Amino acid sequence: LADVRGVKVECADIQNLPYPDASFDVVIANMMLYHVPNIARGLSEVRRVLRRDGCFFCLTYGENGLGRFIDDVMADLGSHMVQQDSFTLQNGETQLKPFFSEVTRMDYTDELRVTDARDLADYIRSMQGVSLSKSDDDELLNRLNARRQDGAIRVHKEYGCFIARV
């Protein structure tokens, strides 16, 4: 969008937006609210900078997608990631409603199909907090391959978007 005439793209701390009140028609938070230490403060700031007819688009993941799959595969196997559930499809509407008059959820149905378990194992090993011994690494590959169906490991992806209106 940076090259689109009339559109200005900037990055700012959602908890302390450096813009005047009612200065935007649209604010977008793409897969990031679950990283915000004080989500309520961030949503308050978004509401403050939106115009009366403004719209906030925030995309996030659900609690039953890739993170849950990884947690299930890694159960009792070395150390692993603990999924952050601070802003998800399941709890996002409740967090948005105090700040916006209308909140709509739109789900995006998708699936990841992995044909080589080593690729998915490499991804899991690259995640912060994952530490596996050699025997655990072999077990991870065994567990992933055991989930293979019709030539692929199928991982349900749960993503969506909330559209919040002032």
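## Basis of the description

The model is predicted, and local features are given only where pLDDT is at least 70, side-chain atom pairs count only at pLDDT 80 or more, and totals for chains, interfaces and linings use all residues. Residues are numbered from 1 along each chain as its sequence is written, and side-chain values use heavy atoms, with hydrogens and water left out.

## The largest pocket

The largest pocket holds about 660 Å³ of space. A pocket here is an open set of points on a 1 Å grid over the protein atoms alone, where a 1.4 Å probe fits and protein lies on both sides within 12 Å along at least five of seven lines, and its lining residues have an atom within 4 Å of a point. Grid points are joined across faces, edges and corners, and the volume is the space filled by probe spheres set on those points.

The lining of this pocket consists of 22 residues, and Glu-10, Phe-24, Val-26, Val-27 and Ile-28 lie nearest its centre. Two elements, β1 (24-30) and α1 (39-49), each give two or more residues to the lining, and β1 supplies the largest share, seven residues. Helices (H or I, at least four residues) and strands (E, at least two) are DSSP runs, numbered from the N terminus. By class the lining has 16 nonpolar, two polar and four charged residues, where Ala, Val, Leu, Ile, Met, Phe, Trp, Tyr, Cys and Pro count as nonpolar, Asp, Glu, Lys and Arg as charged, and the others, Gly among them, as polar.

Helix α1, which contributes to the pocket lining, has Ile-39, Gly-42, Leu-43, Glu-45, Val-46 and Val-49 as its buried residues. These cover an arc of only 155 degrees around the axis, which puts them on the same side of α1; the arc is that of the directions from the helix axis to the C-beta atoms. Buried means under 20% relative accessible area, exposed means over 50%, and partly exposed lies in between, with a 1.4 Å probe and protein chains only. The buried residues of α1 pack against β1, β2 and α3 (92-96), contact being heavy atoms within 4.5 Å.

In α4 (residues 117-126) the buried residues are Ala-117, Leu-120, Ala-121 and Ile-124. Seen down the axis of α4, they fall within an arc of 100 degrees, so they line one face of the helix, while Arg-118 and Ser-126 are exposed on the other side. The buried residues of α4 pack against α2 (66-74), β3 (102-114), α5 (134-146), β4 (148-149) and β5 (152-165). Helix α2 is largely enclosed by the rest of the structure, because seven of its nine residues are buried: Leu-66, Gly-67, Phe-69, Ile-70, Asp-71, Val-73 and Met-74. These buried residues of α2 pack against α4, α5 and β5.

## Cysteines

The disulfide count is zero, a disulfide being a pair of cysteine sulfur atoms within 2.5 Å. The sulfur of Cys-55 is 8.2 Å from the closest cysteine sulfur, in Cys-161, which is too far for a bond. Cys-58 is also in no disulfide, and the nearest cysteine sulfur, again that of Cys-161, is 6.3 Å away. Cys-55 is buried with a relative accessible area of 5%, and Cys-58 counts as buried at 0% relative accessibility.

## Single residues and backbone

Leu-59 lies in strand β2 (residues 50-61) and counts as partly exposed at 28% relative accessibility. Leaving aside residues up to four places away in sequence, Leu-59 touches Ala-29, Asn-30, Met-31, Met-32, Gly-160 and Cys-161.

Most residues other than glycine have a negative phi. Met-31, in the loop between β1 and α1, has a positive phi of about 55 degrees and is partly exposed, with a relative accessible area of 24%. Ala-22, in the segment before β1, has a positive phi near 50 degrees and counts as partly exposed at 40% relative accessibility. Just after α2, Asp-76 takes a positive phi of about 60 degrees.
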